[in-house]
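Subject: Handover of a structure and notes on its contents

Dear colleague,

Please find below the structure that I am handing over to you. My notes on it follow directly after.

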Amino acid sequence: MTPVQRQYALVAVLAVIATTINIGCKKGHHGDGPDEPDKKAIVTTLAGDGTDDEEDGPALSAKFHTPADVAVAPDGTVYVVDYNGHRVRKIAGGQVTTLAGSDSTGIINGNGAAARFRDPYRIAVDPAGNCYVIDQVDPRIRKVTPNGDVTTYAGMNAPGFADGPAASAQFLINAEGLASDEAGNIYLGDTFNQRVRAVSRAAEVSTAAGDGTEGLRNGNKGAAEFRYPSAVTCDKQNNIYVVDQGNLVIRKITPGGVVSTFAGSGKRGTADGDALTAQFDQPLDLVADARGNIYIIDSQRIRKVTPKGKVTTVAGSVEGYEDGEGADAKFRAPFGLGIDAAGNLFVADANNNRIRKITFQ
C-alpha cells in the first residue's frame, strides 16, 4: 500500500470516527510579528520529470518513486524520502543523488547503498545537517549523517509505548510526524499512541502531550487528548503545533504544557477565514516560517494560518499537475512539506513524482 492509499484509508476511518519542553523546534522556523500583506505564491518544479521510477542526475530529468516527504538543511540542501524507492535522496547544485538506501528493502543500518529502508515516510534535518527518518513499518527513528551513515537513533524493534533512554524507548509504527529543533532535539507525532513525543539531545524520550486516549480534550499536557496526532513544528517561543488529523484541527502546546485548539472548526471542508471557524479537509504536514505563519498541506492545497489567526489558501485547488500562481497551480497528493531559511516552501508531490517549490513575490 502506498502512502497515498494508506492515508486515504485512514481518512475514511476518521470520517466515521470524527463527529515541560523549554526548547523550540523546526521542520521550519516560527516567530512573532504582525500579519504581512498577502504575496503571490508561485509554484514551480524543482526536481523530477514525473516518471514513477528511480534515477539520479540533473534535477528536472531525475526520477522519483512516490516521494513522501522533504526537509531542507541549513545550507539549502533538500532531502527527500522516496517511499517506493526505499531511499533517502538529496537535491543540491541542480543534481539529484542518493544519500542512502537502494532497491533492496529492509531495516538495516550501514553506509549509503548498504543501508536499507522499507517504506521511508517522514524526514527532518537538524542544524548539523543530519537527517532523521521514520519508516512506515518500523517503530524506530533512524539517523542519516551527511556522509550517508545510517544508525538507529531512538526506539526499539518492538512497537509499544515507553519513555526513558532512547535505546529502550518505544513508539508505534505508522507515526505521521517528525521535526527537529534548532538545538537538535527531535519531535515525533506518535500517531497511534495518541501522543506527541520528544527525544532530547541527551537521548531521553519524553511525552510532550497526550494521555494516550483518543479524543479532543484541551488543558494540561498529561490530561490532553488527541485523535491521531501527526505532523509537528514549533515556534521561537517554544510552542509546539500539531496536526490533529482525526479532529481536523491544529493544536498548540505551550512551553508550560497547556494544550489548546489553534485552528480549525473540526468540520471537514476547505473554508478559509478566522482560525476557529475555518475548515480543513485532510491536513497532513506543516511547517512554520520566521514571521510566525504556519503552512499546512491540506488535500490538494497548501493552506496558511497567520500569527493573528487568519486561514487562507495560498496554492493549489483540484488534483492535477500544473505550475503557476496560487489556485492555478495543481498538485496530485502532496504529502510532505519543507521550508528553507528564506521562507520558500518545498512540497513532496507524491503522485506527480516531483518535488515542487513555492516562492512568494
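What percentage of the 361 residues in the chain do buried residues make up? The figure is 59%, where buried means under 20% relative accessible area, exposed means over 50%, and partly exposed lies in between (1.4 Å probe, protein chains only).

Before the details, a word on the basis of these values. This is a predicted model, in which local features need pLDDT of at least 70 and side-chain atom pairs count only at pLDDT 80 or more, while totals for chains, interfaces and linings use all residues. Residues are numbered from 1 along each chain as its sequence is written, and side-chain values use heavy atoms, with hydrogens and water left out.

The chain as a whole

One helix and 31 strands are present in the chain; these are DSSP runs numbered from the N terminus, with helices being H or I of at least four residues and strands being E of at least two. The chain is as compact as a globular protein of its length, because its radius of gyration of 18 Å is close to the 21 Å that the globule rule gives for 361 residues. That radius is taken over C-alpha atoms, and the rule is 2.2 Å times the number of residues to the power 0.38. Along the principal axes, the C-alpha atoms fill a box of roughly 50 × 50 × 40 Å.

The chain exposes about 12,500 Å², of which carbon and sulfur atoms supply 49% (Shrake-Rupley method with a 1.4 Å probe; for residues, only the protein chains shown count as cover). There are 37 positive and 43 negative side chains, and the centres of the two sets lie 2 Å apart. Lys and Arg count as positive and Asp and Glu as negative, with His and the chain ends not counted; each charge is placed at NZ of Lys, CZ of Arg, CG of Asp or CD of Glu.

Two buried polar residues

Arg87 belongs to strand β6 (residues 87–92) and counts as buried because its relative accessibility is 11%. A polar atom of the Arg87 side chain lies 2.9 Å from the backbone oxygen of Gly85. This is a polar contact (a pair of N or O atoms within 3.5 Å; within protein, one must be able to donate a hydrogen and the other to accept it, and residues adjacent in sequence count only if both atoms are side-chain atoms). Leaving aside neighbours within four places in sequence, the residues in contact with Arg87 (heavy atoms within 4.5 Å) include Glu54, Asp82, Asp103 and Pro120.

Gln194 sits in the loop between β15 (186–190) and β16 (195–199) and is likewise buried, at 5% relative accessibility. A polar atom of its side chain is 2.7 Å from the backbone nitrogen of Tyr228. Beyond four places in sequence, Gln194 is in contact with residues including Gly210, Glu214, Phe226 and Tyr228.

Positive phi in loops

Leu248, in the loop between β20 (240–244) and β21 (249–253), has a positive phi near 60° although it is a residue other than glycine. Its relative accessibility of 4% makes Leu248 buried. Ala333, also not a glycine, has a positive phi of about 60°. Ala333 lies in the loop between β28 (324–325) and β29 (334–339) and is buried, with a relative accessible area of 4%.

A glycine in β29

Gly338 is part of strand β29 and is buried, with a relative accessible area of 0%. Its contacts beyond four places in sequence are Val70, Val72, Val287, Asn344, Leu345 and Phe346. Gly338 and Lys357, 19 residues apart in sequence, are 9.4 Å apart in space, C-alpha to C-alpha.

With kind regards
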